[in-house]
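Subject: Handing over a structure, with notes

Dear colleague,

I am passing this structure on to you, and my notes on it follow below. Please read them with the model open beside you.

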Amino acid sequence: MTKRTSQLPGFYKVTVTERRTLVSEATGVDAAAIARSLDAGGLDADTADKFVENVIGTYGLPYGVTLNVRVNGHDHVVPMVVEEPSVVAAASNAAKMVRAGGGFTAEVDAPIMISQVQLVDVADAPAAERAILAAKDEILAMADRATPGLLARGGGARGLEVRTLGTPEDRMIVVHILVDCRDAMGANLINTVAEAVADRLARLANGKVGLRILSNLCDKRCVRVRCRVPAEVLATDEMDGQAVIDGIVNASRFAELDPYRAATHNKGIMNGIDAVVIATGNDWRAVEAGAHAYAARSGRYSPLSIWRRDGDSLVGSIELPLALGTVGGTLRVHPSARLSLAMMGVTEASELAAIAAAVGLASNLAAVRALATDGIQRGHMALHARSVALAAGASGAEVERIAAIIVEARDITVEAARRALDVLRTERRENATGAADDQRPGIGGA
Ligand code: NAD
């Protein structure tokens, strides 16, 4: 029996193959299955051709894992698909700090999605609203008949709302059918419902059918995550933990008071959330649309998370809508997405939403801590240096070597990496021919 853990010390130091073995041991997922589902991105061109149109190939992205994540007392090795250096390391580090305070606690709303039916040319909006509300049970039964599979799984229509939009001259109302989508993201299910009930609603309203589509502002399907971080684990070489808490609270207040900062604060959150959403085959555009619409719900764009001091601890909380599925969509056909769920040990959409939001809060903590202490560039550029080394033509073990050299020289440019690579390779050739001299690799003249 596997003891599911998300703590794998030294993970970053070992090879890709060794990491697969460690993840296999920690999660119980067969190492060969990990290789099969990830090599070549898990998706060949023929399969991709079934997903979308006009396919001529696939596009690879790095697949990493965030460690140390503990949500509601359960450990998860969390897959992240992201191209930006430092996102995975930052989330793992922050999750470790949160772990010192007991891990993340999460609560997730029922998976209620909103089906919108727009009705136009409605002459008497109040009368239309009365007629539709009076027919509520009939409409909900129609919605359920349109999605029998969902009904059989315990989901289905849960409520109905009518909203009048604009002024009487707009002659427009919208009906919301609230549907419990269980473990599906729900877009197709919800669109089916909208189309099934629209004609009947138009007759009841004495108007015409307009748009029939889900809302991505799924604000009845929110997830709330909290964490508590003891001051001592937040300390850096230059700042004690108490000062770091003050800095992070100031960073939070900045985002609460300024939409320009809030946008970047939320981008840091979505670094973590999107990476998990993509790794699990979910629709990240839908998640992004919902998150930012929710952030602006008061009329002023605001941060999705806030940070406060509580005694000697830092307390963080995040709230956002998250429409994620563990069934349906492209999930069942993408091997890497299925692997991601197996690695996390997740079958329910609510659990996936809790983990994704926790990783978002961890990413946010890492960013605001860095900003409130050393600044973001030190850690970021050190990791960015590896991409720069790759761009300069380094391969294999050269990548780490060259990255270290250009970081040390504080010249993280492709030019500097090329010069260092030339020196390194010349030195290696000379060593191989026994003609080594004592020249050290460096950045020409630096
Ligand atoms: P889907 O169409 O695959 O429907 C889910 C299916 O899974 C249903 O047939 C359902 O009966 C079945 N199912 C099996 N087990 C289930 C369980 N435990 N809980 C719930 N259903 C279960 O997928 P979907 O989630 O309705 O739609 C998601 C797709 O729609 C995504 O690919 C998304 O990109 C796309 N989409 C998004 C938008 C948008 O966000 N605006 C619009 C259109 C389409």
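I begin with Ser-252, which, once its neighbours within four places in sequence are set aside, is in contact with Ile-306, Trp-307 and Arg-308, where contact means heavy atoms within 4.5 Å. Before going further, please note that this is a predicted model, in which local features need pLDDT of at least 70 and side-chain atom pairs count only at pLDDT 80 or more, while totals for chains, interfaces and linings use all residues. Residues are numbered from 1 along each chain as its sequence is written, and side-chain values use heavy atoms, with hydrogens and water left out.

Ser-252 belongs to helix α10, residues 241–257 (helices, H or I, of at least four residues and strands, E, of at least two are DSSP runs, numbered from the N terminus). Ser-252 counts as buried because its relative accessibility is 0%; buried means under 20% relative accessible area, exposed means over 50%, and partly exposed is in between, with a 1.4 Å probe and protein chains only. The side chains of Ser-252 and Glu-256 are joined by a polar contact of 2.5 Å (a pair of N or O atoms within 3.5 Å; within protein, one must be able to donate a hydrogen and the other to accept it, and residues adjacent in sequence count only if both atoms are side-chain atoms).

The protein chain as a whole

The secondary structure of the protein chain comes to 17 helices and 10 strands, and its C-alpha atoms fill a box of roughly 90 × 55 × 50 Å along the principal axes. Of its 446 residues, 46% count as buried. Among the contacts in the chain with a separation of 6 or more, 72% are between residues 24 or more positions apart. The chain exposes about 21,400 Å², of which carbon and sulfur atoms supply 52%; accessible areas come from the Shrake-Rupley method with a 1.4 Å probe, and for residues only the protein chains shown count as cover.

The nonpolar cores

The largest nonpolar core has 60 residues, of which Phe-104, Leu-320 and Leu-322 touch the most other members; such a core is a set of buried Ala, Val, Leu, Ile, Met, Phe, Trp, Tyr and Cys residues joined through side-chain atoms within 4.5 Å. The largest share of this core, 13 residues, comes from helix α14, residues 349–372. Apart from it lies another core, of 35 residues, among them Ala-128, Ala-135, Ile-190 and Leu-214. Beyond its neighbours within four places in sequence, Phe-104 is in contact with several residues, including Val-71, Val-98, Val-225, Ala-358, Leu-361 and Ala-362.

Ile-269 is found in helix α11, residues 259–279, and it counts as buried because its relative accessibility is 0%. Leaving aside neighbours within four places in sequence, Ile-269 is in contact with Leu-304, Ser-305, Ile-318, Gly-360, Ser-363 and Asn-364.

The ligand

The ligand is surrounded by 20 residues, the closest being Arg-153, Gly-186, Asn-188, Asp-283 and Gly-329; a residue is taken as near if one of its heavy atoms lies within 4 Å. Oxygen atoms of the ligand lie 2.6 Å from a polar backbone atom of Gly-186, 3.1 Å from a polar backbone atom of Leu-189 and 2.7 Å from a polar side-chain atom of Asp-283. Taken alone the ligand exposes 880 Å², and the protein buries 72% of that. The elements giving two or more residues to the shell are α7 (148–152) and α8 (187–205), and α8 gives the most, with 4 residues.

Two backbone angles

Asn-68, in strand β1 (residues 63–71), has a positive phi of about 70° although it is not a glycine, and it counts as buried because its relative accessibility is 10%. Arg-171, in the loop between β5 (156–165) and β6 (172–180), likewise has a positive phi, near 50°, in a residue other than glycine, but Arg-171 counts as partly exposed because its relative accessibility is 38%.

With best regards
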